Every structure is written in C-alpha cells, then in structure tokens.
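Subject: Structure for you to look at

Hello,

Here is the structure I promised to pass on. Please open it first, then read the notes below.

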Protein chains: 2
Amino acid sequence: MTSTPGLRERKKAETRQAVYKAALHLIAEHGFDNVTVEAIADVANISRRTFFNYFTDKADAVMYGEEERHRRLLEKFRARPASESGWQALRHAAEELMEEYGEPDREWVLRVRLARRHPSLLARQLAGTGALERELAQDLAARDGEEVLRARVLAGAFLAAIRIASAVWLEEDQSRGLTETTMAALAELDPAFGG
Amino acid sequence: MTSTPGLRERKKAETRQAVYKAALHLIAEHGFDNVTVEAIADVANISRRTFFNYFTDKADAVMYGEEERHRRLLEKFRARPASESGWQALRHAAEELMEEYGEPDREWVLRVRLARRHPSLLARQLAGTGALERELAQDLAARDGEEVLRARVLAGAFLAAIRIASAVWLEEDQSRGLTETTMAALAELDPAFGG
DNA sequence: AGAAACTTTGCACACTGGGCATTAATTCCC
DNA sequence: GGGAATTAATGCCCAGTGTGCAAAGTTTCT
C-alpha cells in the first residue's frame, strides 16, 4: 500500500489536505460568507491563484472531506465478500465506515452542520452524493447482475437513508448512537432489498 | 382560482417567469458559462441589479422550473384522500404530475439535460429536492403518524426513485415511457413501504 | 548535470453579488 | 380622485471570484 507515490504526489496531497483543513476551520469559525479564498490560501501557505488549482471554489474545498469519506465507503464496499448480496455489502460497508472514524467524527459533524446552514455547501454535498450513487450503482449492477434501474434505485435509497440518519441524529435525536440510527434507517429498506 | 392576486403580485410573477425562461433558453442554446447575468436580464427586460432581486444567481434562475414542479407535486400529494397510505398517495401524486405535464415536458427535459452537464446546476437541483424531501416527510409524519425517521427515509427514497427513473429514462432507455419507468422504479420500493 | 515535465505564482480582466441611495410604480385610505 | 405610504426597479460602487497566460520555481528522468 505504501509504495512510492513520489515526492510530487505526496506534496500535492499534503497541500490539498492543508487547504481543506484551513477552509473547514476558518469557515466553521467565521461563517462561510466571512471567509475569503485569500484568507484560506493564506493559512494554507499558498497563493490565491494556487488555491484554484486545487479546488474550484470555497464550497469545493470545505466539502473535500466528504469526497474522502465517499472513497473510503466505496473501498470498503468493494472489499466485501462476493457471497454477500449488494445490499448486505452496502450495509456492512456503512457499518465499517462508522466504526473506522470514531462515532462522531468531529470534522464530519462540522461539515454536516455547515451544510445544513449554507445552501451552497448543501448543494455541493448532495452533488457529491450523486456522483457516489452512480459509482455504487455501476458496481452493484456488475455484482449481482441486477437491472440498471434497480441497481440505481438501490444505491440511491441506500445513500438517502444514511444521509437522513445523519441529519436526524444530528438535529433531533441523539438518544441512540449514530451507528444505531443509521442501521435503523437502513432497516426500513430491508424489505425492498433483502436483509 | 383566479382571485385577485393584485397587480403587483401578478407583475412580479410574470417577471420571475420571464427571467426564468430567458435564463433557460439562453443557457440551453449557448451553454451555462457563455451566458452572463446581464444577457439574461437584457432578454427579460430588467436591469442586471433587478435580476438579483429575483434570483440569487444564474443556477437559481434556470432551476426555478424545478421549484414549480415541486410545488405541484406537493399540492397533488396533499390532495390525495386520507384513506390512502402515505406511500400510495406519493405514487399517485407522481403519476398525476406526469400526466399533467405532457410525457416529455420540454422544459423539464432541458433542465435535466443541463443539470447533467453542469455541476452547479446539478447541485442546485439536488438541493431543491432536499428541501422538498423535508416538506414531504413532515406531511407524511402527520398523515400516518409515522416515526420521523421512517417518514424521512420514505420521502428520501421516493424522491431518489423518481429522480433516478428520469435519469435512466433520459440517458439510457426510452423504450418504455417515462411514466412507466418511474412506476417501475417506485415498484422497487413497494416491499418496504407497502404497495 | 541538464533537459523534460510539471507546479506555483503574479498579473490582468470580465463577471458576480450585494449594500446603499434614488427614482418609479402600486396600493391604501381619506 | 388624490396624496401618503409601501414596495419594486435601477444605477452606482466595490470587494471578491474564477480563469487565461506567461514567467519563475520544483521535481523527475536519464
């Protein structure tokens, strides 16, 4: 796994990470509209111009963490044994993901809170989910030889469920753990896609 | 239905409509990035500054049609008899909606195509769906006395299904009609939410 | 080491979004 | 009907955005 990504690649990854963190924390503290790209670039030690080599805009930078999370989910899903149905694999992957990060991943909480309050962040978040939906659907179709339509509905419903579980947990009901709430949301779909 | 909305209100509605159509058609023809707000305002016979009194940005203007569609869906859903389950009411509302506009509502097709190609439009579209999801969930919870979590998952899965059906129909498979495809997508969820 | 490949940066520029003050239109009420 | 009050449209201004381009700086390859 730790082959040679090359110095260049490594530096790029570090910079991207630095910009993301700068964006997230600055914006969490001062509000989306009160932070300029320049301020973010500053904290990340790059020029304003370079910021735009990494991200298309502020929203993109703040929501980069979601992308990473999506990549992890996809990896975990793909690593599930072929004996599981697509739906089971998704459920297990989601479970693993939440165990991997601590229950409340602090950065994730920040992102979700910000998205809740700022339309352009919400939009970015949902757009990212849309991309993930397609990838999952493609894999699902390959895995079970499902119909395209069913595979996409399955992926879409799955992502809707985990997104909603997060929202409900975060803003309404933390009496249960996040994992528990998520599993409960997914359970609602079991009858349709097979437990 | 044609009570007195007042001249002022009527004019505002007309202007909004004019701006929306100008935005949609200009952008459909020249591409999102090749149309300035000024150009849109120009066609709609208002000043650039006034444009921003109606919409926050270009994406907002182009996607206004979706908002209207959402309002219609919500109305139809609310008008369904209380004897139907929430899920049934949603299905019937969706069916009615598609009958009301012609099978392929030309503006809708334009919007979906544009959204497919331009990230910021896609984001806007999905954000709009998110808002609708909340409203539906609230109504659903009131209707059946469902759990909040279940109501939201139901609404989320429903919207995912119709969105996906549209996408699949539009870009992959027009051998069936759009309505048929949508109903097929919803049918995948029947086992979870009751036919 | 030196050439090739790639990245960062500064600069310029058209466009954006919104605050503020002014002008124009509609509504309200006598 | 007409003048005051409300609300919308506009122009001006300005900080901020996103991107093309070319120069300068790094890393990679041999």
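Which domains does the domain assignment of chain A give? There is domain 1, covering 3-56, and domain 2, covering 63-193. Bear in mind that this is a predicted model.

Start with how the two domains sit. The centres of domain 1 of chain A and domain 2 of chain A are 26 Å apart, taken over C-alpha atoms. Contact between them involves six residues of domain 1 of chain A and eight residues of domain 2 of chain A. On the domain 1 side, the touching residues are six nonpolar, no polar and no charged.

Next, a pair of helices in chain A. Helix α5 of chain A spans residues 64-79, and helix α7 of chain A spans residues 106-117. Their axes come within 10 Å and cross at roughly 120°. Angles from 65 to 115 degrees count as roughly perpendicular and those over 145 as roughly antiparallel. α5(A) and α7(A) are therefore oblique to each other. The crossing of α5(A) and α7(A) is left-handed.

Which residues meet there? From α5(A) come A:G65, A:E66 and A:R69. From α7(A) come A:E107, A:W108 and A:R111. By class, this contact has one nonpolar, one polar and four charged residues.

Last, the two chains. Chain A superposes on chain B by a rotation of 180°, with 0.0 Å of shift along the axis and an RMSD of 0.0 Å. That is the relation of a two-fold axis. Of the interface residues of chain A, 100% are also interface residues in chain B, so the copies meet through the same surface.

Best wishes

Conventions. Residues are numbered from 1 along each chain as its sequence is written. Chains are lettered from A and ligands numbered from 1 in the order in which they are written. This is a predicted model: local features need pLDDT of at least 70, side-chain atom pairs count only at pLDDT 80 or more; totals for chains, interfaces and linings use all residues. Domain bounds come from an automatic or database domain assignment. Two residues are in contact if their C-beta atoms, placed from the backbone, lie within 7 Å. Ala, Val, Leu, Ile, Met, Phe, Trp, Tyr, Cys and Pro count as nonpolar, Asp, Glu, Lys and Arg as charged, and the others, Gly among them, as polar. Copies are superposed by least squares on the C-alpha atoms of residues with pLDDT of at least 70 in both. Axes are lines fitted to C-alpha atoms, for helices over the stretch in contact, and angles run from 0 to 180 degrees between N-to-C directions. Helices (H or I, at least four residues) and strands (E, at least two) are DSSP runs, numbered from the N terminus. Angles under 35 degrees count as roughly parallel, over 145 as roughly antiparallel, 65 to 115 as roughly perpendicular and the rest as oblique. A crossing is left-handed if the near helix is turned anticlockwise from the far one by less than a right angle, and right-handed if clockwise.
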